[in-house]
Amino acid sequence: MVRFLRLVTIIFLQKINALEKLLFLLSCNLLLFISPVMGSMGNSSNTAPPIGEVKVVNFDELEPLLCPNPEDNEVYIVNFFATWCKPCVEELPHFLELHRKYKDEGLHFVLVSLDFLRQLDSRLIPFIGEHQVEAEVFLLNDPYANEWIPKVSGDWTGAIPATLVCNGDKSEFFEKTFHSIGELEDIIKPFLKD
Amino acid sequence: MKTVLTFLISISLLFAAFTATAGDGGGLKIGDVAPDFSLKNVDGTIVSLSDYEDANGFIVIFSCNHCPFVVAYEDRMNDLHDQYATKGFPLIAINPNDPELVPADSFEKMRERAAEKGFQFPYLLDEGQTVYPQYGATRTPHVFLLDSDKVVRYIGAIDDNYQDEEGVTEKFLENAISAVAKGETPDPAVTRAIGCTIKTRK
């Protein structure tokens, strides 16, 4: 869709003169400015990004986003997965269900994909849409895993799926597959406020 | 008294169970002697470490068919075999997955993959999944470098870039082999890498 709009814009810009171009670009910027404001008006409690959005990051970019704002006391559950990883795909619905149930209590769900970058458009983005993944989704494109795995957790040998729960300075790491929402509730409850 | 004893035993068993599953504990550590095995190779023969009488060491790699991280390393595994088998460091690949859970990792499919990629090294099936827990392998690919006395000298990744061989800045395994060949201690002796979890019902 974005690509299509970009294409239309380019064709359109070629057809008009400079002054009109300036006016057009100004109005576009105005639209860009207004639309998020309008979008949030009818939907003020939901700050999740639109489904299907994936940010490509290296570990230095990802690290501060894994458990941000320690002072706000919110709980983050971070799942490391890949679309080709069968146990990861099987456990994902439990994470989505958990997030739906506890987001009003301050639970954030962050999904970190270890898919290859060349499969971003062909696999990851369609997968996120298909599973209606309502979360912050990152593609961690950083091959130097020996450097960053220990920064996620000293207990992580590198197998996926893997899950991190954190709240401020407190965190717990799990190199395992979760088989039910109950198992996930057990690990987040100690982190959620009473 | 009896109940107290039973209680203590169950507590210690519980503790043992937890420590065995935590992180990479429960398996081999640097300096441990690796257990030998007798596993079926894709060519139908049975392969053991003791078959290699004059080996200077062993490159044992827990591997499989289905995992994209393994696929990314298959050519590099062929190169490692070409380079080091003649120097007395045979490469032995072992598929630890339960083929009933991952049909792509069945013995028949292993034979097909070995033929397609022209593996010149043994590609063994850990039938019954008895070997990988003794080694403490948690993922594929997962490398264990042993010296001639089967002492574990390096555990971890082949190199530091699974995506792109051109982007490799540190050849962990090759450096470790060179160190062992010279009688030195590999540094780093342990590295980590992303891999596919080993598929088991246990």
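## Where the two chains pair up

Let's start with one spot where the chains meet: Ile160(A) has Cys196(B), in strand 9 of chain B, as its bridge partner. This is a predicted model, in which local features need pLDDT of at least 70 and side-chain atom pairs count only at pLDDT 80 or more, while totals for chains, interfaces and linings use all residues. Residues are numbered from 1 along each chain as its sequence is written, and chains are lettered from A, with ligands numbered from 1, in the order in which they are written.

Strand 5 of chain A runs parallel to strand 9 (residues 195-197) of chain B, and 2 bridges link them. Strands here are DSSP E runs of at least two residues, helices are H or I runs of at least four, and both are numbered from the N terminus. Two strands count as paired if DSSP finds at least two bridges between them. Strand 9 of chain B also pairs with strand 6 of chain B, this time in the antiparallel sense over 2 bridges. There, Arg139(B) sits opposite Thr197(B).

Put together, this gives an open sheet of 3 strands in the order 5(A)-9(B)-6(B), with mixed pairing. Its edge strands are strand 5 of chain A and strand 6 (139-140) of chain B, each of which pairs on one side only.

## The wider interface

How many residues of chain A are in contact with chain B? The count is 16 residues of chain A against 20 of chain B, where contact means that C-beta atoms, placed from the backbone, lie within 7 Å. On the chain A side, helix 6 (145-152) and strand 5 (159-160) are the elements that give two or more residues. Helix 6 of chain A has the largest share, with 4 residues.

By class, that side of chain A has 12 nonpolar, 3 polar and 1 charged residues. Nonpolar covers Ala, Val, Leu, Ile, Met, Phe, Trp, Tyr, Cys and Pro; charged covers Asp, Glu, Lys and Arg; the others, Gly among them, are polar.

## Inside chain A

Chain A has 7 helices and 7 strands. From the N terminus on, they come in the order α-α-β-α-β-α-β-α-β-α-β-β-β-α.

Strand 6 (residues 162-167) and strand 7 (residues 170-174) of chain A pair in the antiparallel sense over 5 bridges. Cys166(A) stands opposite Ser171(A) in that pairing. The two strands form a hairpin with 2 residues between them, and Gly168(A) in the turn has a positive phi of about 65°.

Now for two helices of chain A. The axes of helix 4 (residues 86-102) and helix 7 (residues 181-188) of chain A come within 9 Å and cross at roughly 55°. The two are therefore oblique to each other. The residues in contact include His94(A) and Phe95(A) of helix 4 of chain A, and Ile181(A) and Leu184(A) of helix 7 of chain A.

## A buried leucine in chain B

Leu146(B) is found in strand 7 (residues 142-147) of chain B. Is Leu146(B) buried or exposed? Leu146(B) is buried, because 23 other C-beta atoms lie within 10 Å (buried takes 20 or more such atoms, exposed 12 or fewer, partly exposed in between).

Leaving aside neighbours within four places in sequence, Leu146(B) is in contact with residues including Ala34(B), Phe58(B) and Val152(B). Gly31(B) is 115 residues away from Leu146(B) along the chain, with 9.3 Å between their C-alpha atoms.

How values were computed
Two residues are in contact if their C-beta atoms, placed from the backbone, lie within 7 Å. Axes are lines fitted to C-alpha atoms, for helices over the stretch in contact, and angles run from 0 to 180 degrees between N-to-C directions. Angles under 35 degrees count as roughly parallel, over 145 as roughly antiparallel, 65 to 115 as roughly perpendicular and the rest as oblique.
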